[in-house]
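Reader: Could you take me through this protein? I would like to start with the overall layout and then turn to particular residues.

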Amino acid sequence: KVIGESAFSHCTNLVNIELPSNTTELGKSSFEACYSLEEITISEGITAIPSLAFYACVGLKKVNFNENLLSIGGAAFANCRRLLTVVIPDKVTTVGAQAFNGCDTLISVTIGASVTEIGTTAFAFSSKMIETIAKHPNIMKFIHLPVQAGNDEILRLMGRRYNREQY
């Protein structure tokens, strides 16, 4: 079974999702901006989480990934501001760009043994994330740092969480 693109997008009263075991595919933005969503269990049949699938689910606290998962798409969980921990299963090889960007309360990330690629600003490179990457030589040899010039007002307008002096 397939859950189509934007199928449950903006379902603001949705609190918990447990996908049926016969669900095999999620569409892009399938649960985007479900603001009240607190927990999701990804069924065994799903091997890829597409881009923006859970984007801006600002109430999301817990994601239960299945062990068959192979990839997490770009911005799939971006701006899930209450997400505290992420455990990426061992079969996952790719975490897309900005996949967990904007998850400001993220304090623990466990990266599976098969991860070979983590996209640009996937975790917004907090100091805790840099420490995690440093501990796992299989993740990436290089980090793309988006260097920029600007003043504090421009940085604020761009949504940056730092000022010029801090940068």
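Author: The conversation below goes from the fold to single residues.

Author: This is a predicted model, in which local features need pLDDT of at least 70, side-chain atom pairs count only at pLDDT 80 or more, and totals for chains, interfaces and linings use all residues. Residues are numbered from 1 along each chain as its sequence is written, and side-chain values use heavy atoms, with hydrogens and water left out.

Reader: How many helices and strands are there in the protein?

Author: The protein has two helices and 11 strands. Helices (H or I, at least four residues) and strands (E, at least two) are DSSP runs, numbered from the N terminus. Read from the N terminus, the order of elements is β-β-β-β-β-β-β-β-β-β-β-α-α.

Reader: Which strands make up the open sheet of three?

Author: That sheet has the order β2-β4-β6, and its pairing is parallel. Its edge strands, each pairing on one side only, are β2 (16-18) and β6 (62-64). From one strand to the next, the twist averages 5°; axes here are lines fitted to C-alpha atoms, for helices over the stretch in contact, and angles run from 0 to 180 degrees between N-to-C directions.

Reader: And how many bridges join β2 and β4?

Author: Three bridges join β2 to β4 (residues 39-41), in the parallel sense. Two strands count as paired if DSSP finds at least two bridges between them. Glu 18 has Thr 41 in β4 as its bridge partner.

Reader: What is the strand order in the open sheet of four?

Author: The order is β5-β7-β9-β11, again with parallel pairing. Here β5 (48-49) and β11 (117-118) are the edge strands, each pairing on one side only. Two bridges link β5 and β7 in the parallel sense, and Ser 71 in β7 is the bridge partner of Ala 48.

Reader: What does Phe 100 touch?

Author: Leaving aside residues up to four places away in sequence, Phe 100 touches a list of residues including Phe 65, Phe 77, Leu 83, Val 95 and Phe 123. Contact means heavy atoms within 4.5 Å.

Reader: Now the cysteines. How many disulfides are found?

Author: A search of the whole structure finds zero; a disulfide is a pair of cysteine sulfur atoms within 2.5 Å. The sulfur of Cys 11 has its closest cysteine sulfur, in Cys 34, at 5.1 Å, so the two are too far apart for a bond. Cys 34 is in no disulfide either, and its nearest cysteine sulfur, that of Cys 57, is 4.9 Å away.

Reader: Where is Asn 79, and what does it touch?

Author: Asn 79 lies in the loop between β7 (71-72) and β8 (85-87). It is buried, at 17% relative accessibility. Beyond residues up to four places away in sequence, Asn 79 touches Tyr 55, Ala 56, Cys 57, Val 58, Asn 101, Gly 102 and Cys 103.

Reader: And Asp 104?

Author: Asp 104 is in the loop between β9 (94-95) and β10 (108-110) and is partly exposed, with a relative accessible area of 40%. Asp 104 touches Arg 81 and Arg 161, not counting residues up to four places away in sequence. Its C-alpha is 8.1 Å from that of Cys 80, which is 24 residues away in sequence.

Reader: One last topic, the backbone. What is the phi of Ser 6 and of Ala 75?

Author: Ser 6 has a positive phi of about 60° although it is not a glycine, and Ala 75, also not a glycine, has a positive phi near 55°. Most residues other than glycine have a negative phi. Ser 6 sits in the loop between β1 (2-3) and β2 and is partly exposed at 35%. Ala 75 sits in the loop between β7 and β8 and is buried at 9%.

Methods
Buried < 20%, exposed > 50% of the residue type's maximum accessible area, 1.4 Å probe, protein only.
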